[in-house]
Structures are given as structure tokens and as C-alpha cells.
Amino acid sequence: MRSRILKDHLKEECGVFGIMSAEARVSTLTYYGLFALQHRGQESAGIAVSDGREIFLHKAMGLVGEVFDDATLKRLGGEIACGHVRYSTSGDSNVINAQPLVFKTRYGTIALCHNGNLANSIFLRNDLKEHGAIFQTTVDTEVIAAMLARGNGEDLVTTIREVSRELKGAYALIIMTSDKLIGIRDPYGIRPLCIGKIGDDFMLSSESCAFETVGGTLIRDVYPGEIVEIDRSGITSHLPYGKREERLCIFEFIYFGRPDSIMKDQSLYMSRKTAGKILFREFPASADFVCSVPDSGTPSAIGFSEASGIPFLEGLVKNRYVGRTFIKPSQNQREIGVSLKLNVLEEVVRGRSIVLVDDSIVRGTTVKRLISRLRVAGAKEIHLRISAPPVVWPCYFGIDTPSREELLGARYSTDEIGKLVDADSIGYLSLEGLVEATGRSGFCTGCLSGEYPVDVDEINGKLALEGRAMR
Ligand code: SF4
């Protein structure tokens, strides 16, 4: 049995990448782009390429390095490519649901890559079925595909605009036709998408780290509700009518995005480091050293160390060769699940007091086991500091949140959580502190604050009608 729960985190969505170039081997650059986005989805990977007449597709279950080899990439010849890595939050985890999806429309054959989730997908799916649509997959993406296929706008961009008016939720899309690449971001910009350049050629990606990987540079984020059209003549922006304030998922800054990515013109690494500094300001502690839960807790731990003057040491060592899926240990082998990824450096922790910094607590299972193992290794005191507020509400935008009964922050006070995980003291960064650390505004903070960018009662009403009320 394969399990996705290795670290106690919310789970990412997917990663998308696209490029148009007459010069470069676009399938190979997309492969490397997807490699850089692998942290956003490890279940399946796919690349579609257009040679100007036909679209060629290869997709399969597995990591990017497992799905593609040199021969496959050579077969995918063309001038435009789009690719996808998937973590399934809607639909089953099987190859039929892997992306890109390729389908026919009145505008020609189209490849579609989608990051996000639609809150009203069942409603839309049922409506499409009543009008004769037949579905082969169980993913939201096929609902968007069916709506595009049914569209009859004067051109594809007009149809995309009409379809987006009916979509409720969070989405970033890359659409490839035989001769162009189109990027679309939902009206609130909840899911990220950015534009990059390599030489004179344009790229689209969920995160800017992919541009650097392929030797390119970031130009800017796609604006909320914007449609970006890339073809041989260059790039055209179609801005939405009536601008809405951006509400990017704040978990991109906390954990989802790679630290070397830039979002909202801000370095995620620097923002996480600043979060650690503010965490010290809000919840100071004295100890022999600051230690992170690697890797995601490390920038904030370094920030905490810099602000406090307490040295940063590695007390936990990460096995860098464990992917995010593994053979799930049986109930009585639970410790192995943590040891597979993290081991304690006994020589560093024995007899010493520690500030342990992690980026978030969801269920609390991993941090509890880590603290227990640090104590077995001889740690004198453990002061737990979390560089984000407690997760207390569900996500309505496709992020895989456990039920409220499983969310530690929804059931217990901070002091109770400290006792439950056996920490000597505990402190969570405040929401104000987190936003201050980003140096930006315009975020969705729904799962932390209960304040969502859309009317949750409306979404809940639709979900209830569809028989899948939120947990
Ligand atoms: S509810 Fe939380 S996880 Fe979901 S989009 Fe908003 S901030 Fe992100």
C-alpha cells in the first residue's frame, strides 16, 4: 500500500509548465521544468507537444524521472509544449486522470493542464451530462475540457472567458492549441501561475523556480483573472472586466512553494526567514540551540536563530532519497514512518535544550513522535515554535485538509497542544505576524482565519446539493 502521508502537512495541488520556442527542444525543457515542480505532485506526470499540426502526448503514473526517458522526449518533437505533475485531491489516482488532457474542440485539438479544484464541479458535470456530454475521467479538469469543447465563442479566448464565468473555485490553467499557449488564473488568483522568458521565448509555470532550472528568468505573475496568450507574434494579455483583489493561497508562502521561488515579487525563502524572526519577537525562548524540522522548517529556524542570537544546529537529519510516497509501515511500525525520513543526531541533542521550529502543524502526529525521539536521545528541554498560525478550518479550494476532528488546532488550545505533543513550551506565529513576514497583502487565509475570498455558505449550499458537504 502506498501512502502520501509522510510529513504532517497540508498537501499541494499540482504543478503546470508550458513553453513555446522554435529554437529549443521544448519537450526536454518541459521535462526539466516539471522536475523543478515535482514537489507539487508526485503521482503522475505528462507532457503534450504540438508540432503545428498534431498534438503528441505521453503521460503515466510516477515521478517525472520515471515517466520520461530520452527516447520518449525525442519522440515528442514540436514547437510548443505543456506539462503537468499531479497530486490528486479530486478524482482517483490513476493514469486516465493524469494530465495533460487532450481533446477536440471547434478550435482544433487542445491540451489542458490544470492546477486547482472547482467547488461546483459536480453541479457543472451533471449539467453537461444532461446535455449529452460523456466523461471518461473523474477529474474536474475534464469538466473544464467539456465546457471548452461545447463553447461557441468567436475565438478560443472568448470561449475561455465565458467558461471561466461559470467556474467557482481556484484554478490555474495552461491550454495548448496547435499554434499557441494560453495561461489562465482564477479571478482571485488563489492558485499561482507566472510568466517567464528564455531568450526571446516565453514560458508559463506554477512557480518561478522552474524558469531558473531551465536557464530562463521570471517576468511576472499572471494577474488574477488574466488570460495570457503566447504565439509566434509574442505575448498578449487579456485582462478581466472588473478587477478583483488577489487572494493567493498563503500556504504557498508557508510551505507549498519552493523556497527559491518568487511570488508577488517576494522571495519565499526570505519571507520564511522573516517569519522566524517575527516568531522570536512574539514567542521568545532561551535554549542551547535552534533546530529545524528539515527541510521546510529550516528558513524560519535560521530567522529565529538570527533574531535570538541562539546558534542554529542540525539536530535532525533528513534522508534526502525518500520521496513523498513510500510503503506504509504497519500500525506497530509507526516509528519507522518517521525514521525513514528523519533521524535524530544524538550527539548534538543529548543534555541540551532546543528550540524546535516547524512550518505548520496539521494533525500533530509527526511533531509528537519527533519530540518523543528527541527526548529518548537525551534532549533536556524542547521549546516548539511554529512559523504559521494553527490550521483550524477546511480548505474549499482543493487543498487536501483533514476533517476538523483531525485538525489539532480546531480541537485544542495552544497550551493543550503543547501538552499533547509533550513540548516544554509552544508558540504559533500570529496571522498578523505571518502576513507581515510576507511583506505583501492579498492572501486567502481561510483555513487559518475562517475568512474565505468567496461566499462559503454559497459553496456549502452547492456542495450539500451535490451530497458532499464540507467536512
Ligand atoms: S483555505 Fe488555506 S489552503 Fe485553502 S487556499 Fe485558502 S489559505 Fe490555501
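Reader: Which residue stands opposite Ile230 in S14?

Author: That's Ile235. Before we go on, this is a predicted model, where local features need pLDDT of at least 70, side-chain atom pairs count only at pLDDT 80 or more, and totals for chains, interfaces and linings use all residues. Residues are numbered from 1 along each chain as its sequence is written.

Reader: How do you know that S13 and S14 are paired?

Author: Strands pair if DSSP finds at least two bridges between them. Strand S13 (residues 227-231) is joined to S14 by 5 bridges, so the two count as paired. A hairpin joins S13 to S14 through 2 residues.

Reader: Why is S14 called an edge strand?

Author: Strand S14 (234-238) pairs on one side only, and so does strand S6 (101-105). The open sheet they belong to has 6 strands in the order S6-S7-S8-S9-S13-S14, with antiparallel pairing. Its twist averages 20° from one strand to the next.

Reader: What makes H6 a helix, and which strands does it lie across?

Author: Helices are DSSP runs of H or I with at least four residues, strands are runs of E with at least two, and both are numbered from the N terminus. H6 covers residues 156-166, so it qualifies. H6 lies across strand S9 (181-185), S13 and S14, running at about 155° to S13. That angle compares N-to-C directions on a scale from 0 to 180 degrees, using lines fitted to C-alpha atoms (for helices, over the stretch in contact).

Reader: How do you know that H5 touches the sheet, and where?

Author: Contact means that C-beta atoms, placed from the backbone, lie within 7 Å. Helix H5 (residues 140-150) touches S6 and strand S7 (108-118).

Reader: Why does S18 have a side without a neighbour in the other sheet?

Author: That open sheet has 4 strands, ordered S18-S22-S23-S24, with parallel pairing. Strand S18 (289-292) and strand S24 (425-428) each have a single partner strand, so one side of each is left without a neighbour in the sheet. Inside it, 6 bridges join strand S22 (residues 353-358) to strand S23 (residues 381-386). One of them pairs Asp358 with Ile386. Helix H10 (residues 298-308) lies across S18, S22 and S23, at about 165° to S18.

Reader: What puts a residue such as Phe251 around the ligand?

Author: Its C-beta atom, placed from the backbone, must lie within 6 Å of the molecule. The residues that do include Leu10, Ile190, Phe251 and Cys447.

How values were computed:
Contact = placed C-beta atoms within 7 Å.
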